[in-house]
Amino acid sequence: MNSSEVVVAGLGGLGSGAFYHLARRGVSVVGLERFGLAHDRGSSHGESRMIRKAYIEHPDYIPLVLRAFDLWDELQKESGKHLLYRLPLVLCGTPDSDAVRGSLLAAERYNVDIQSLSREEVSRRFPGLNLPPGMEAVLEQDAGCLMVEDCVAAHVQRGKAHGGDASFGEALLDWTEHPGHVQIRTTRGVREAKCLILTAGAWSSRVTKNLPVPLSVVRKSQVWFPAAGPEYAAGSGAPAFYFELDTGIFYGFPSFDGSTCKVACHSGGEPVADPLQLDRELHSEDVAPLTDFLARCLPGVGSDPVKHSICMYTHSPDHHFVIDRLPGSQRVLFAGGFSGHGFKFASVLGEALADLATTGSTRLPVEFLSINRPGLQAE
Ligand SMILES: Cc1cc2nc3c(=O)[nH]c(=O)nc-3n(C[C@H](O)[C@H](O)[C@H](O)COP(=O)(O)OP(=O)(O)OC[C@H]3O[C@@H](n4cnc5c(N)ncnc54)[C@H](O)[C@@H]3O)c2cc1C
């Protein structure tokens, strides 16, 4: 039987972070991944992920995101890969929207440097953007874009360089906890570990026995549109953008290739019954809300999709993450429900999972993400 200190099941965004941090500490760790390295079947693909500090969703994420930035910088240095592009981010909405008011409140609480901009100031400083009447913006100058596949690959490759064992094409089937160890059944046989970390993304409910949190998975499309002008070029200072409109929340990135920019809708999404059967075609219903958004807010961007990628959000009931020991368990940790905003935290939550697996506790402030918090059961 194959035995190790820790098994991480799922080497996507979060699992790759845990794998790296465990290996870096010299822990004997095995990472199991059903698919290949940095694949496009789960939730961590499609070129880019936003990282921002004035955290609208909950200000308690801010200390974590500050640590996440430092760890991404370290990983970038260690791997020699350009993983994090520093970019300005313009968040737009009505004065009382989460995008504007929520960002200002969060920034004030943790002293994050952001700046209010009027509609006219946005047009002057960022000519590619157009704010509908009645909207204003805040500018976070030091936000960024993580190159998502490269980040996952760097975590895994550096974890392997530190002695971790990554097994691709091997899926977790089942596990049972015993005094002193967890027995893990996979498509390749039986493994044993002192601790099991479950980071299976959209498959979380399938591999996590007795998970007391209902998770829901939705289909999300990411679409690249023609954007050749310098006003949309990352290299010319064009910003990432986030618009809270009456029709939904839309966001995207400037062009990194000089000809296309990626746009997506954060709200909504069709329920996914089986992540293995995800519909990966792009439909006119996927495109129409995006082209409507572009016509209103990024008028210089073309309306014919150049390419697309389909992905999944796994929502918890309150749309906050869950990272904790499973109830009644000594040796099984769970990290899931990343609700469409988790990738930026893969570095810092990888560190927190490594702490929890090796010492049973962490100094990182993750208590607000505990599995027993109020309201997690209710939709
Ligand atoms: C379109 C889109 C845009 C997003 N934009 C942002 C953004 O701008 N900023 C941000 O911070 N976040 C963003 N997110 C959210 C973020 O990408 C996700 O929260 C994060 O990537 C989830 O990581 P994960 O590790 O939970 O899932 P995944 O990365 O999918 O990893 C789960 C892994 O487990 C593997 N697995 C599953 N079952 C098994 C098994 N039985 N055995 C072995 N392996 C298994 C899967 O193959 C997969 O590799 C976005 C998400 C999407 C879909």
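Buried here means under 20% relative accessible area. With that in hand, take F345 in this predicted model: F345 counts as buried because its relative accessibility is 0%.

Now for the rings themselves. A pair of aromatic rings is described by the distance of the centres and the angle of the planes. The count for this model comes to 14 aromatic pairs.

| Pair | Centre to centre | Angle between planes | Type |
|---|---|---|---|
| Y55 and Y61 | 5.0 Å | 50 degrees | tilted |
| Y55 and F345 | 5.4 Å | 75 degrees | edge-to-face |

Why is the Y55 and F345 pair edge-to-face? The planes of Y55 and F345 stand at 75 degrees, and planes over 60 degrees apart count as edge-to-face.

What does the pair of Y55 and F345 tie together? Y55 lies in the loop between β3 (48-51) and α2 (61-79), while F345 lies in the loop between β18 (332-336) and α8 (346-359), so the pair links parts that are 290 residues apart in sequence.

Y55, Y61 and F345 also belong to one aromatic cluster, along with F321, F338 and F368.

Then there are the charges. R52 lies over the face of Y55, 4.5 Å from the ring centre. K53 goes to another ring: its charged end sits over F69, at 4.7 Å from the centre of that ring.

Definitions and conventions:
Residues are numbered from 1 along each chain as its sequence is written. This is a predicted model: local features need pLDDT of at least 70, side-chain atom pairs count only at pLDDT 80 or more; totals for chains, interfaces and linings use all residues. Side-chain values use heavy atoms; hydrogens and water are left out. Rings of Phe, Tyr and Trp (its six-membered ring) pair if their centres lie within 6.5 Å; planes under 30 degrees apart count as stacked, over 60 as edge-to-face and the rest as tilted. Helices (H or I, at least four residues) and strands (E, at least two) are DSSP runs, numbered from the N terminus. Buried means under 20% relative accessible area, exposed over 50%, partly exposed in between (1.4 Å probe, protein chains only). A charge sits over a ring if NZ of Lys or CZ of Arg is within 6 Å of the ring centre and within 35 degrees of the ring normal.
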